[in-house]
Amino acid sequence: MKRVLFIDRDGTLIEEPDDFQVDSFAKLKLLPGVVSHLSAIAAETDYELVMVSNQDGLGTESLPESAFFPVHDFLIDLLAKEGVHFSKVFIDRSFPHENKPTRKPGTAMLTEYLSGEYDMARSFVIGDRATDFELARNLGARAIFVRNPNFPSPDDPSVALAANDWSEIRAFLTRPPRIAEKHRKTSETDVRVLLNLDGNGAAKYLDGAGVFRPYA
Ligand SMILES: [Mg+2]
């Protein structure tokens, strides 16, 4: 099944300016290493890349499209030329007080990923705010938190990794699966243990009657 990296934009790929709006080229600053590491992730893994961003009031006077899209399109083009292709870019344009279901952590823009065609348990939301790991939880995915001095680090079970930078995210996503299997057979017992440190937390065992049972 297909796996997805849902990637936030501001604070995750590019720095978030003091006024939270990247509406000019002067405000466009990449996070360190983002191009090379994301490029490696795209080349070395089979994750589908999807951008999910809240852009408060995009298309209104406070954030005109004519100021937003030249910079946004430049970023998308720059990443594409380094092998980083987003299959889709979802931008919610609402303000926080509108409480729209399309706005992160709402999933209304992302229903196609919840149809069963995608493996959400093995997918990640990468972002720098609580709304990003709440989105992960709402999608049944896990979160990779990009540490940001403006927001507290989460203490949340949906957070698989709290990363200081993109090199740590790359190392996490490209490492081989941490799976070990041991089999011990004696004249009295026959025990096989399979341990997956990157699993979803579910565990089961084969009982004496040969039936798989979940651990509570
Ligand atoms: Mg962000």
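Reply: Happy to; we go from the overall picture to single residues.

Reply: This is a predicted model, in which local features need pLDDT of at least 70 and side-chain atom pairs count only at pLDDT 80 or more, while totals for chains, interfaces and linings use all residues. Residues are numbered from 1 along each chain as its sequence is written.

Me: What makes up the protein chain in terms of helices and strands?

Reply: The protein chain has four helices and ten strands. Read from the N terminus, the order is β-α-β-α-β-β-α-β-β-α-β-β-β-β. Along the principal axes, the C-alpha atoms fill a box of roughly 75 × 35 × 30 Å.

Me: Why is D155 called exposed?

Reply: A residue is exposed if 12 or fewer other C-beta atoms, placed from the backbone, lie within 10 Å of its own, buried if there are 20 or more, and partly exposed in between. D155 has 7 C-beta neighbours inside 10 Å, so D155 counts as exposed. D155 sits in the loop between β5 (142–146) and β6 (159–163). For the protein chain, 26% of the 216 residues count as buried.

Me: Where is P105, and what joins K104 and P105?

Reply: P105 is in the loop between β3 (86–92) and β4. The peptide bond joining K104 and P105 is cis, with omega about 10°.

Me: How do you know that β1 and β2 pair?

Reply: Two strands pair if DSSP finds at least two bridges between them. β1 and β2 have four bridges, in the parallel sense, and that meets the cut-off.

Me: What makes β3 and β6 the edge strands?

Reply: Six strands form an open sheet in the order β3-β2-β1-β4-β5-β6, with parallel pairing. β3 and β6 each pair on one side only, and they are the edge strands. From one strand to the next, the twist averages 20°. Helix α3 packs on the sheet and touches β4, β5 and β6; the direction of α3 makes about 170° with that of β4. Such angles run from 0 to 180 degrees between N-to-C directions, with axes fitted to C-alpha atoms, for helices over the stretch in contact.

Me: Which residues touch the most other members of the largest nonpolar core?

Reply: A nonpolar core is a set of buried Ala, Val, Leu, Ile, Met, Phe, Trp, Tyr and Cys residues joined through C-beta atoms within 7 Å. The largest one has 34 residues, and I7, V125, I126 and L139 touch the most other members. Elements giving two or more residues to this core include β1 (4–7), β4 (124–127) and α3 (130–139).

Me: What is V125 in contact with, leaving aside its neighbours within four places in sequence?

Reply: Contact requires C-beta atoms, placed from the backbone, within 7 Å. The contacts of V125 include F6, F133, L139 and A143.

Definitions and conventions:
Contact = placed C-beta atoms within 7 Å.
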